[in-house]
Every structure is written in C-alpha cells, then in structure tokens.
Amino acid sequence: MHTPLDISQRLNAMQAMHNNTPHLLRLGALFCETVLIEIDTAEFYLHFDKGTLTRIEVGISRKTPWRFALRTDADALYAFWQPYPVAGFHDIFGLVKIGRGRIDGDILCLVKNLRFFKEFIALGRCVGGV
C-alpha cells in the first residue's frame with residue numbers, strides 16, 4: 001500500500017531532480033502554472049514558475065486554483081513510475097485509456113506543454129528507494 005507520505009517523498013525527489021535538469025527547465029521556460037496531482041484522495045499542488053517547480057502544496061484545498069489536473073490511484077501511478085512500465089501504464093494518456101486516470105481542466109494548456117509535463121512526471125521512474 002502506498003501512502004500519501006510515500007508519494008510526497010517521491011514528488012520532493014522529483015522536484016530536486018527537475019530543478020537540476022537544464023533540459024527540462026528549458027522545455028518549461030514559458031510554463032507558469034499550478035498543476036493538481038490527485039492520488040486516491042490525496043491532493044498535491046505543483047507550482048511551476050518559468051519551468052522551475054517552486055513548491056509542492058500537500059492537502060485538500062478548495063482555494064488553490066489549478067490549470068489542469070491528473071487524477072489517478074496510487075497503484076496505477078507506481079505502475080507508471082516503474083523503470084519499464086507495461087502497456088497502458090507507460091503514458092499519462094495510457095492511464096486514461098485503460099480507465100486508471102483522468103485529466104481535467106485546461107487541456108489546451110496541457111497540450112501546449114505536453115512534452116515538458118510528460119518528462120517531468122516520468123522523473124518518478126528515476127527516483128530510487130522511495
């Protein structure tokens with residue numbers, strides 16, 4: 001069973017990796033948005049400023065505005081974060097297709113920054129020991 005603390009630790013490790021990856025910072029140079037990642041009932045608000053992940057807010061908040069959201073369950077997300085995920089868990093749209101994920105909000109914003117966001121989320125595959 002994966003807890004919100006496990007996911008929070010993984011997201012924090014991803015933040016450190018992301019902010020030290022010039023390639024991703026360049027891809028997200030125009031991305032200044034808040035993204036909601038909802039895992040089961042836990043909510044994580046990722047605040048990006050010019051491609052840098054400045055902070056992660058944990059907890060349910062009806063006051064925090066977000067541009068788009070990725071909603072899934074913890075088991076699906078950890079299957080996505082495997083070094084070599086199986087079909088359906090290899091991509092955020094794969095999660096949606098197999099019924100294990102949902103994307104809400106401003107889809108155009110996601111599509112405009114798709115490569116950046118997909119590469120950021122995939123950083124979870126590189127985080128070991130969490």
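Biologist: In this predicted model, which residue in E3 is the bridge partner of Asp49?

Modeller: Strand E2 covers residues 42–49, and six bridges join E2 to E3. The two strands run antiparallel. In E3, the residue that partners Asp49 is Thr52.

Biologist: In what order do the five strands of the open sheet lie?

Modeller: The pairing in this open sheet is mixed. Strand E3 (52–58) and strand E5 (101–105) are the edge strands, each pairing on one side only. On average, neighbouring strands are turned by 20 degrees against each other, direction ignored. The order is E3-E2-E1-E4-E5.

Biologist: How many residues apart in sequence are the parts tied together by Asp106 and Arg67?

Modeller: The side chains of Asp106 and Arg67 meet in a salt bridge, at 3.2 Å from N to O. Asp106 lies in the loop between E5 and helix H5 (107–112), whereas Arg67 lies in the loop between E3 and strand E4 (68–72). The pair therefore ties together parts whose separation in sequence is 39 residues.

Biologist: Is Asp91 buried or exposed?

Modeller: Asp91 forms a salt bridge with Lys118, at 2.7 Å from N to O. Lys118 lies in helix H6 (residues 114–122), and Asp91 in the loop between H3 and H4. Lys118 has a relative accessibility of 26% and counts as partly exposed. For Asp91 the relative accessibility is 16%, and residues under 20% count as buried, so Asp91 is buried.

Biologist: Which residues are linked in a network of salt bridges?

Modeller: The count of salt bridges comes to nine. The residues linked in a network are Glu38, Arg71, Arg102 and Asp104.

Conventions: Residues numbered from 1 in each chain as written. Predicted model: local features only at pLDDT ≥ 70, side-chain atom pairs only at ≥ 80, totals over all residues. Heavy atoms only, no water. Pairing = 2+ DSSP bridges. Helix = DSSP H or I, 4+ residues; strand = E, 2+ residues; numbered from the N terminus. Axes fitted to C-alpha atoms, helices over the stretch in contact; angles between N-to-C directions. Salt bridge = Lys/Arg side-chain N within 4 Å of Asp/Glu carboxyl O. Buried < 20%, exposed > 50% of the residue type's maximum accessible area, 1.4 Å probe, protein only.
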